[in-house]
Amino acid sequence: MRIQSLQDLDALKQKGLALTYPEKTKIFVGLATCGISAGAEKVFQTLQEEINNAGLDFVVDRTGCIGYCQREPLVDVILPGKPRLTYERMNPEKVKKLISALKEDRIYEEGLLCRMDQDEFLIENAFRKYTGNGMPPGYEKLPAYEELPFFKKQRKIALRNCGFINPERIEEYIGRGGYKALFKVLTEMNWEEVIAEIKKAGLRGRGGAGFSTGLKWEFCRKAPGDTKYVICNADEGDPGAFMDRSILEGDPHTVIEGMAIGAYAMGAQEGYLYVRAEYPLAIKHLQIAIAQAEAYGLLGNNIFGTDFNFKLKIREGAGAFVCGEETALIASIEGKVGEPRPRPPFPAQRGLWDCPTNINNVKTWSHIAPIMARGAAWYAQMGTETARGTTVFSLVGKVKNTGLVEIPLGIPLKEMIFDIGGGIQDDRPLKAVQTGGPSGGCIPTRLMDTSVDYESLGRLGSIMGSGGMIVMDEGTCMVDLAKYFISFTMEESCGKCTPCREGTKRLFEILTDISQGKGTEKDLIALEELALYVKDVSLCGLGGTAPNPVLTALRYFKDEYLAHIVERRCPAGVCKDLITYSINPEKCTGCMACARNCPTECITGEKKTPHVIDPLKCVRCGACREFCKFGAIQVF
C-alpha cells in the first residue's frame with residue numbers, strides 16, 4: 001500500500017493507534033540498549049512465559065528508552081480504562097508477582113515508579129487519556145509521572161515517542177502524528193517557506209557551535225548544482241553520551257521524516273545516515289524503518305503523489321571519533337580515510353562527491369517535524385532569546401538519577417543536577433560539571449547558576465557540544481580528569497595536522513608528569529600556552545576543542561594543580577603516585593574484607609583485630625577502600 005493522501009495516512013493512523021492502545025491489557029518492556037544491559041531481555045522472556053502459562057489474553061510488546069536509565073529494566077502496564085503503570089528495576093521474580101497481581105485484579109506495588117494518566121500527542125497538540133471515565137479507586141494515591149522530579153521539568157520534543165511506541169512499527173509512529181508534517185510540507189509549502197519557518201523557529205544545530213539550521217539549509221539550497229545531499233551525523237563518540245543512540249533505537253522515523261523535509265527544502269534527492277557500527281540496535285531499527293517507509297511510499301519516488309523523490313541509505317562508521325567532524329565524515333562515506341580537510345569550501349558549497357551537502361545530527365533532525373507541524377511561533381516560545389527550543393542531555397557521573405533528559409534551553413545547571421538529577425550520590429559535595437564531552441570544559445560549583453545555552457557555557461570556556469553532561473563530586477581529581485580527556489583526543493586524533501597530533505601528545509605528557517609528582521610551576525605556563533596554541537591553529541574541531549578540559553581546569557582549579565606540584569599531594573586521593581593508603585585502627589573491626597580482596601596481599605592482621613597495610617607492597621588499586629564497610633581505609 002502506497003500512501004497517496006491524507007486519508008490514506010489517517011487510515012494507517014487508526015491501525016497504529018489500535019496497536020499502541022489495544023482493547024486488552026498491554027505490557028511492554030523498555031528494550032533499548034540500556035534496558036538490555038540491565039537485564040530487560042530476560043524480563044521480556046519471563047513475561048511471555050508467565051502470561052502463556054496463565055492463559056491470559058494480554059499483549060506483550062517492546063518499546064525504546066523513556067530516559068530513566070538509572071531505573072532499568074522498566075516495565076509498563078496498560079489496563080483498559082486505567083492509568084498506565086510504570087515499574088522500575090524489574091527482574092523475573094518481580095514479573096511473576098506482577099502477573100499474579102494482574103490475575104487477581106489488584107495493583108502490584110513493589111517497584112511501582114509512577115502512574116501516567118495521559119499521553120501527549122505533540123504533533124497534533126492533543127492528549128489521549130488512559131483513564132476513560134475517571135480515576136479508578138486506589139490509583140489516585142500512586143505517584144504521578146509528571147510530578148516525578150526526574151520528569152517534572154522536562155519538555156520532550158526529540159524524545160516525544162521514545163518509550164511510547166514500538167520502534168519497529170511505522171504504524172505506531174503514524175498513530176502519534178507521524179509523517180503529517182511531511183505531508184503538509186509537500187502539499188502546502190514551497191522550499192522558501194520551509195526554510196523561513198526553520199529560521200523563524202530559531203533552531204540551532206544541536207552540536208558543535210550551534211549554527212543556525214535554517215541558514216545552513218539556505219546556503220545548501222542556493223549553492224549551484226543539480227545534485228545535492230543531506231546527511232545525518234549519528235557518529236556519536238563522546239564518553240558517556242548516548243542521546244543519538246536512544247533516539248534512533250526508540251524513534252527512528254522522527255529522523256527519517258526530518259531528513260525528508262530537509263531534503264525537499266534543499267533540493268536533495270538522496271540522503272545518508274552515518275551511524276557508528278558500535279550501535280547495532282540503532283542500525284537494525286533504522287533498516288526496518290527505512291524498509292517500512294519505502295513500502296508505504298514515504299521514501300522513494302513521488303512521495304505523497306508529488307514530484308518529490310527521496311532515497312535514504314545507511315553508512316556504518318568504523319568508530320573513529322574524528323569522523324564526527326563534517327569533512328571527515330564525508331570522506332568516510334566516500335570510502336576514503338576519515339580525515340578532515342581545510343574549510344572553505346564548506347560542505348554546503350562542496351561536500352559529498354563535490355556536491356552541495358547539508359549535515360545535521362540526530363537531535364537536530366528530530367526537531368524538524370514538530371516545528372513544521374506546530375509552527376515556528378510554538379517552538380520559539382521555549383528556550384532563550386538566542387537559543388530556542390529544547391535540547392537533549394545524557395546526565396551521567398556522580399549524580400543520583402542518571403539518564404536521558406530533554407529540557408528547554410536556558411535552565412540553570414543546578415536545576416539539571418539537583419532537581420532532575422536528584423543531587424550527588426551519597427549526598428557528597430558537588431565539585432564540577434563537564435558539558436560537551438571530551439571537547440567541553442569543567443564548570444565549578446560556584447557557577448551552577450549558569451544557564452544551559454550556547455553563549456553562557458561558551459563564556460565559561462565550555463560548550464554545549466553533542467549533549468554530554470558529566471557530574472563530578474569531590475572524589476574527582478581535575479588533573480586526572482584533564483589527562484583522561486586529553487588521552488582520549490590524543491588517541492582519536494587523525495594525525496593529519498601537527499598541532500593536534502603533536503600538541504595533544506605533549507599536553508598528555510605534561511599532565512602525566514604533574515599527576516606523578518614530577519611537575520614544576522613552569523609546567524603550568526607551558527601547559528596553558530600549548531593548549532591555546534593547539535586550540536587556535538588545529539585543522540578541525542577535534543583539535544580546536546581538545547584543550548578545553550585543560551584550560552578550564554587550570555582556570556577554575558589551579559590550586560589543585562599546585563597541590564600536585566608544590567605539595568606532591570593529590571587532594572582527591574586519585575593520583576596513585578601521590579597517595580598512601582592506611583587503615584584507621586579505631587574504625588577497623590578486623591572483618592578481613594580488605595585482606596581477602598587485596599590483589600597484592602599487602603594487608604595483614606588477625607580476625608577481629610585492626611589490620612595494617614604494607615606501603616611497599618600496596619599498588620593503590622583502591623580495592624580495600626571499595627570493600628571496607630566501616631570507612632576504615634584512609635587515603636593521604
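Here is a walk through the structure, from its overall build to its pockets. It is a predicted model, where local features need pLDDT of at least 70, side-chain atom pairs count only at pLDDT 80 or more, and totals for chains, interfaces and linings use all residues. Residues are numbered from 1 along each chain as its sequence is written, and side-chain values use heavy atoms, with hydrogens and water left out.

Let's start with the whole thing. The protein has 26 helices and 20 strands; these are DSSP runs numbered from the N terminus, with helices being H or I of at least four residues and strands E of at least two. Along the principal axes, the C-alpha atoms fill a box of roughly 80 × 70 × 40 Å.

As for what is tucked away, 59% of the 636 residues count as buried, meaning under 20% relative accessible area with a 1.4 Å probe, protein chains only. Helix 10 (residues 243–250) has eight of its eight residues buried, so it is largely enclosed by the rest of the structure.

Now for the pockets. A pocket here is an open set of points on a 1 Å grid over the protein atoms alone, where a 1.4 Å probe fits, with protein on both sides within 12 Å along at least five of seven lines; lining residues have an atom within 4 Å of a point. The largest pocket holds about 1400 Å³ of space, a volume being the space filled by probe spheres set on grid points joined across faces, edges and corners. Its lining has 47 residues, and Gly207, Gly208, Ala209, Gly324 and Glu326 lie nearest the centre. Strand 11 gives the most to that lining, with five residues. By class, the lining of the largest pocket has 15 nonpolar, 21 polar and eleven charged residues (Ala, Val, Leu, Ile, Met, Phe, Trp, Tyr, Cys and Pro are nonpolar; Asp, Glu, Lys and Arg are charged; the others, Gly among them, are polar).

The second largest pocket has a volume of about 580 Å³. Of its 25 lining residues, Gly475, Ala572, Gly573, Val574 and Arg625 lie nearest its centre. Helix 19 (478–492) and helix 26 (623–627) each give two or more residues to this lining, which divides into six nonpolar, seven polar and twelve charged residues.

Methods: Buried < 20%, exposed > 50% of the residue type's maximum accessible area, 1.4 Å probe, protein only.
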